[in-house]
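Here is a brief report for a first look at this structure. Please view the sequence and model, then read on.

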Amino acid sequence: MMNSILLIDKPYSYSSFQVTTFIKNILSVKKVGHGGTLDPLAVGMLPICIGESRKFASFILESEKHYTIEARLGLTTTTGDLEGEVVSETNNICTSQEDIEKQMSSMIGLISQKPPAYSALKYEGRPLYEYARQNIDVPRPERAVNIIKFKLLSWDSPILRCEVQCGKGTYIRTLLEMLGEQLGVGGATLTYLRRDWVAPFQASDMLTLEELYHFNKFSDFTNIPGNMDLSYLFQKFHRVDLSVDEARSLAYGQEVKLNKDVDRSDHHAFYYNEVFFGIGFINADNIIKVKRLRQSLVQDLCSVT
């Protein structure tokens, strides 16, 4: 069974759901998910979680991401991108490159964002975009997001190109609208977005759907580029090697106290027999606190008498 993370360079006009369906069909696998939605008009890295990797997808959602973006200043739409209806538009943009760079710099760090009405964020079990399409206003509390980089690449009024590196939960459309408001031009609308990478993965490891189809047809899928072992996601976690007995105790839900000193970083990646087993942390008493284990390995360990 495949339990890997596949890095797909999502094409324009495809929804994230359509990509997962395509992969299910060509790989003949049932358990496929993704690590962070990309809108149909966006392109770039879409981590596809296959098999047990789906259970660890939340760690991808929490990772840093990098985008290359184009936006039109002075244009405001209902959705924050070109799919929406025009709310307001001005062609009189008297904004200098220096003004834009100054405002971008002021938005680096922790800022508050109100999620867009047209988003997949849920309220009472339904995505916000369903309410927006019915003109129903529901609460959208502001939340803190971390902007690591917000850099102007070019400015040819009214079109700007920029790059953004950010933490989890950041809405790029909202960030651009905030920029437009602070520049006094009424807003801004996203016209192009490419997700360059999702930490810890690299852009060079991505595959197009066409390349995936070719490799799967003519090569060994397990050896193709862009097919990452689940453990790669946790390569920066402190590694703790367990004995088989310690791993089996964890599998049975029993307390395991290590007899060796370990680094007490935020999270640890647990291995036994060189196989990635799961993640968690170790408390001050050297007791392992499990966050998630690979269930197939748990079952294997529990089946051995």
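## Overview

The protein contains 8 helices and 17 strands. This is a predicted model. Its C-alpha trace spans about 75 × 50 × 40 Å along the principal axes. Of the 305 residues, 48% are buried.

**Helix α3**

Helix α3 covers residues 97-106, and I100, Q103 and M104 are buried there. These residues sit on the same side of α3, because they cover an arc of only 100° around the axis. E98 and K102 are exposed on the other side of α3.

**Salt bridges**

Side chains of opposite charge can pair when their charged atoms come close. The whole structure holds 9 salt bridges.

K149 is partly exposed at 31% relative accessible area, whereas E163 is buried at 13%.

R239 belongs to strand β14, and E274 to the loop between β15 and β16. Their pair therefore ties together parts that are 35 residues apart in sequence. E274 is exposed, with a relative accessible area of 63%. Shared partners join R239, D241 and E274 into one network of salt bridges.

**A positive patch**

K24, K31, R54, K55 and R292 form a positive surface patch. K55 is in the loop between β3 and α2. Its relative accessibility is 49%, so K55 counts as partly exposed.

Notes:
Residues numbered from 1 in each chain as written. Predicted model: local features only at pLDDT ≥ 70, side-chain atom pairs only at ≥ 80, totals over all residues. Heavy atoms only, no water. Patch = residues over 30% accessible without salt bridge, like charges linked within 9 Å, V, L, I, M, F, W, Y side chains within 5 Å. Areas by Shrake-Rupley, 256 points an atom, 1.4 Å probe, with all protein chains shown as cover. Salt bridge = Lys/Arg side-chain N within 4 Å of Asp/Glu carboxyl O. Lys, Arg positive; Asp, Glu negative; His and termini not counted. Charge placed at Lys NZ, Arg CZ, Asp CG, Glu CD. Helix = DSSP H or I, 4+ residues; strand = E, 2+ residues; numbered from the N terminus. Buried < 20%, exposed > 50% of the residue type's maximum accessible area, 1.4 Å probe, protein only. Arc of directions from axis to C-beta.
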